Amino acid sequence: MNTPQTNFNINNIKSTFLRSIFGLQNQHLPIWLMRQAGRYLPEYLAIRNKAGSFMNLCTNVDLATEVTLMPINRFNLDAAILFSDILVVPDAMGLGLSFVENEGPRFAKTINTISDLNTLQTDNIMDRLQYVPNIIKNLKTKLPTNIPLIGFSGSPFTLACYMIEGASSKNHSKIKAIMYNNSDFMHQLLTIITNSIITYLNAQIEAGCDTVMIFDSWGGILTDRDFLEFSLPYITQICKSIHNSYNGIPIPKISFTRGLNHMIGNIASTKVIDVIGVDWTCNLSYARELTESHTTTNSNKVTLQGNLDPVLLLVGDKPALKKQVERILHDYYISNNESLNNLIFNLGHGVLPHTNPDHVAYLVDIVHDISMNFKM
Ligand code: CP3
């Protein structure tokens, strides 16, 4: 649990992950992996079978805590991410979430017409999501003090995709019909979701999360103009509205839009996002160039997070992995004034099922080892 800290000194931070964000010297580069607790881990598959369903795992404090800690216990990772899902928020709004085996998420109810907005249960939403702060509080009693806990939510646009389409979608024709033909309706829905996410992320911070990440997984289906109208302003509003610090400790905000690397400069220009996720399709030097002229609210350099291809981790042998890690670090180093500061190593998207856990262990260790040859 967070206890009020009056004499907090940023230089005393022990976490390599947070030190990197604050531009402080580090022993090695921090690394964590999106979907680090997931189906590639045999112990995850075993516990999910025992729990009966994915949602039973997400809502049970002891089981969700255990799953969050699985990758921390197995690998030398530098951060933990809360085990949950972005879709628990629309579930709490009354849409009825289930996960169908080999099919992914499905909502019992969807948003089709503007009158459906009145049916969304947003009042006292934390009453229906209380299990999430309970998991966070439990995790904070178990995590080592140098391992920060990442809380998260979906972006309003990404959640709207699922709430309108009802499931994963190939070309997102339903949400695009509303967005192109009835933009007022779209903005009303995005505003409702934004307000709930602000409440939800603040509750995560108050329960003990050290940082929060917004997954804009479907931002990349938008034209750049539409991204600037329907996604980025809502992410910005969330980052502006949630706690900038809690108990005197700054709370960095991470945003990850998959598939729109050319918008990274626009994302940085909001100044309220401390860390920007970069998928695997662009070089980190390009991302650094786009962020160079911007700083964050706290006058820090924007931190980049990414960008190894998750398929390389799935199919690559160890020499191939090592070669790509060296390339990523080298490219970043050169473009970042010969320093690895303000970088967090990650994949460009989540760890894929069937990834070999031995390769994950190898990746984490070589990122640490190789990074020690560079200035940080
Ligand atoms: O380890 C972690 O990263 C933390 C847990 C986490 C999950 N989902 C667990 C999960 C996080 C951060 C998420 C985010 C999430 N969920 C996103 C954004 C990131 C991204 O992948 O783009 C999205 C779009 C979802 C929605 C979602 N959840 C889908 C589409 C699916 C099914 C397909 C898939 O990729 O598995 C899920 C299920 C899900 N969420 C699983 C896990 C471990 C697999 C469930 C299972 O079969 O056991």
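**Pocket, ligand and backbone details**

User: Which element gives the most to the lining of the largest pocket?

Analyst: That is α2, which contributes 4 residues to the lining of the largest pocket. Please keep in mind that this is a predicted model.

User: What volume does that pocket have, and how many residues line it?

Analyst: The volume of the largest pocket is about 1,400 Å³. Its lining consists of 43 residues, and those nearest the centre are Arg 35, Arg 39, Phe 54, Asp 85 and Phe 99.

User: Which elements give two or more residues to that lining?

Analyst: Two or more residues come from each of α2, β2 (97–100), β3 and α14 (310–315).

User: How does the lining divide by class?

Analyst: The lining of the largest pocket has 24 nonpolar, 12 polar and 7 charged residues.

User: Where is the ligand, then?

Analyst: The space that the ligand takes up is the largest pocket.

User: Which residues come nearest to the ligand?

Analyst: There are 25 residues around the ligand, and Arg 39, Tyr 44, Arg 48, Asp 85 and Ser 217 come nearest.

User: What about the distances from Arg 39 and Arg 48 to the ligand?

Analyst: For Arg 39, a polar side-chain atom lies 2.4 Å from a ligand oxygen atom. For Arg 48, a polar side-chain atom is 2.5 Å from an oxygen atom of the ligand.

User: How much of the ligand does the protein bury?

Analyst: The protein buries 87% of the 870 Å² that the ligand exposes when taken alone.

User: Which atom of Ala 37 lies 3.2 Å from a ligand oxygen, backbone or side chain?

Analyst: In Ala 37 it is a backbone N or O atom that lies 3.2 Å from an oxygen atom of the ligand.

User: And which elements supply at least two residues of the shell around the ligand?

Analyst: Those are α2 (42–51) and β3 (104–107). By class, the shell around the ligand contains 14 nonpolar, 7 polar and 4 charged residues.

User: Changing topic: how many cavities of 30 Å³ or more does a search of the whole structure find?

Analyst: The search finds 1 such cavity, and the largest cavity has a volume of about 30 Å³.

User: Which residues line that cavity?

Analyst: The lining of the largest cavity is made of Ser 20, Leu 24, Asn 26, Leu 29, Pro 30, Leu 340, Asn 341 and Met 376. It divides into 5 nonpolar and 3 polar residues, with no charged ones.

User: Now the backbone. Where is there a cis peptide bond?

Analyst: The cis bond joins Gly 306 and Asn 307, with omega at about -10°. Asn 307 belongs to strand β10, residues 303–308. Most peptide bonds are trans.

User: What is phi of Asn 247, and where does that residue lie?

Analyst: Phi of Asn 247 is near 50°, a positive value in a residue that is not glycine. Most residues other than glycine have a negative phi. Asn 247 lies in the loop between β6 (245–246) and β7 (249–250).

Technical notes
Residues are numbered from 1 along each chain as its sequence is written. This is a predicted model: local features need pLDDT of at least 70, side-chain atom pairs count only at pLDDT 80 or more; totals for chains, interfaces and linings use all residues. Side-chain values use heavy atoms; hydrogens and water are left out. A residue is near a molecule or strand if one of its heavy atoms lies within 4 Å of it. A polar contact is a pair of N or O atoms within 3.5 Å; within protein, one must be able to donate a hydrogen and the other to accept it, and residues adjacent in sequence count only if both atoms are side-chain atoms. Accessible areas come from the Shrake-Rupley method with a 1.4 Å probe; for residues, only the protein chains shown count as cover. On a 1 Å grid over the protein atoms alone, a cavity is a set of points where a 1.4 Å probe fits but cannot get out, and a pocket is an open set with protein on both sides within 12 Å along at least five of seven lines; lining residues have an atom within 4 Å of a point. A molecule sits in a cavity or pocket if more than half of its atoms lie within 2 Å of its grid points. Ala, Val, Leu, Ile, Met, Phe, Trp, Tyr, Cys and Pro count as nonpolar, Asp, Glu, Lys and Arg as charged, and the others, Gly among them, as polar. Grid points are joined across faces, edges and corners, and a volume is the space filled by probe spheres set on the points.
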